[in-house]
Structures are given as structure tokens and as C-alpha cells.
Amino acid sequence: MGSGKSTIGYRLAQSLDWAFCDTDKQIEEATGADIPWIFEKEGEAGFRRRERTALLDSLGRRGSIVSTGGGVVELAENRADLIASDAFVVYLKATPAELARRVGNDPNRPLLQGDDPVAVLTRLLNRRGAWYEAVASHTAHTDRMNPKTLSDSLLERIATL
């Protein structure tokens, strides 16, 4: 969360004239509820089941850029499907301090509702970092990159595929 997935994904989709899909938005549209409400009522496990459905739907689309939630790698099945797919998977990597700066005290980030967002993000990255690396076709460090520069760099990379 806060890595720039939605911002960069949308920019890439516009540049390529492809569809843009955000799995969190898909879940909200399908349920008629926002992510914090789903976490409150169904817990993280319920949300992850919904996220899996959205991921599988997204992986079946051609000519689209997909922004997944940061926790999509929590399920081994999701990691396996991402690796097995022909998708070009980009890991937008940032430090916990930078991620916390970007997301602030956003109430729509259920996992960050606590005293120390940097500590929470550090724990999440410690648990998920190797999984992100394992599924990624490419890793882009985003701490000091503005969205246009990063998008342009990724467009060049995509053009070589």
C-alpha cells in the first residue's frame, strides 16, 4: 500500500490504450461495500478470499493493466497463479518510511490503523518482501521516482517484451 500501484497502473493503461483494473475497486463494486467494512465484517481471511476471485478474473484479461492489493501475495495460490501466468508482474518497491509518508492516516487502510504505521509496514514488508520478489518479472524502486518518470521507464521495459 502506498507504492503507487494505482497511480502508475492507471498511467500505463492510458499510455498503452489498455483497460485499467484495480482489484480493490473490483471487490468494492462486487460487494457494494468498502474495504474497511469488509475487513470489519469478514476479517482479513474473508477479504483475501474476495481478493483471490478478483485476481483470477483479472489474470484472464488481455490488454489490461491490473493493480492488485499489496496483500495479494499472502495466499500461496495467488503467488503460484501470478508466476504461472504470462503477465508482466511489476513489484513497486519502497521503504516503509516512504510508504507511511504517502498513505498517512488514511482510514481506508485497515491494516494501518494503529499507533505506528512505519512499524506495521516494516512487518508487512518483512513478511511479504520475498514473495513480492518471487512473483515479480521486474522490480522498480519508487522512493525517489515521480510517477511520470517511473511510468516512462516501465513503458520502455514493456516495449521490449
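Author: Begin with contacts, where contact means heavy atoms within 4.5 Å. In this chain, residues 24 or more positions apart account for 71% of the contacts with a separation of 6 or more. The model is predicted: local features need pLDDT of at least 70, side-chain atom pairs count only at pLDDT 80 or more, and totals for chains, interfaces and linings use all residues. Residues are numbered from 1 along each chain as its sequence is written, and side-chain values use heavy atoms, with hydrogens and water left out.

Reader: How many helices and strands does the chain have?

Author: Helices (H or I, at least four residues) and strands (E, at least two) are DSSP runs, numbered from the N terminus. Here there are seven helices and four strands, and their order along the sequence is α-β-α-α-β-α-β-α-α-β-α.

Reader: What is the radius of gyration of the chain?

Author: This radius is taken over C-alpha atoms, and the globule rule is 2.2 Å times the number of residues to the power 0.38. The chain has a radius of gyration of 15 Å, close to the 15 Å that the rule gives for 161 residues, so it is as compact as a globular protein of that length. Its C-alpha trace spans about 40 × 35 × 25 Å along the principal axes.

Reader: How many aromatic pairs does a search of the whole structure find?

Author: Rings of Phe, Tyr and Trp (its six-membered ring) pair if their centres lie within 6.5 Å; planes under 30 degrees apart count as stacked, over 60 as edge-to-face and the rest as tilted. The search finds three pairs. In one of them, Tyr 10 and Phe 20 have ring centres 5.9 Å apart and planes at 85°, so this pair is edge-to-face. Tyr 10 belongs to helix α1 (residues 5-16) and Phe 20 to strand β1 (residues 19-22), so the pair ties together parts ten residues apart in sequence.

Reader: Are Tyr 91 and Tyr 132 buried or exposed?

Author: Buried means under 20% relative accessible area, exposed over 50%, and partly exposed in between (1.4 Å probe, protein chains only). Tyr 91 is buried at 8%, and Tyr 132 is also buried, at 13%. They form a tilted aromatic pair, 4.8 Å centre to centre with 40° between the planes. The pair links strand β3 (residues 90-93), which holds Tyr 91, to helix α6 (residues 117-135), which holds Tyr 132, 41 residues apart. By contrast, Tyr 10 is partly exposed at 44%, as is Phe 20 at 28%.
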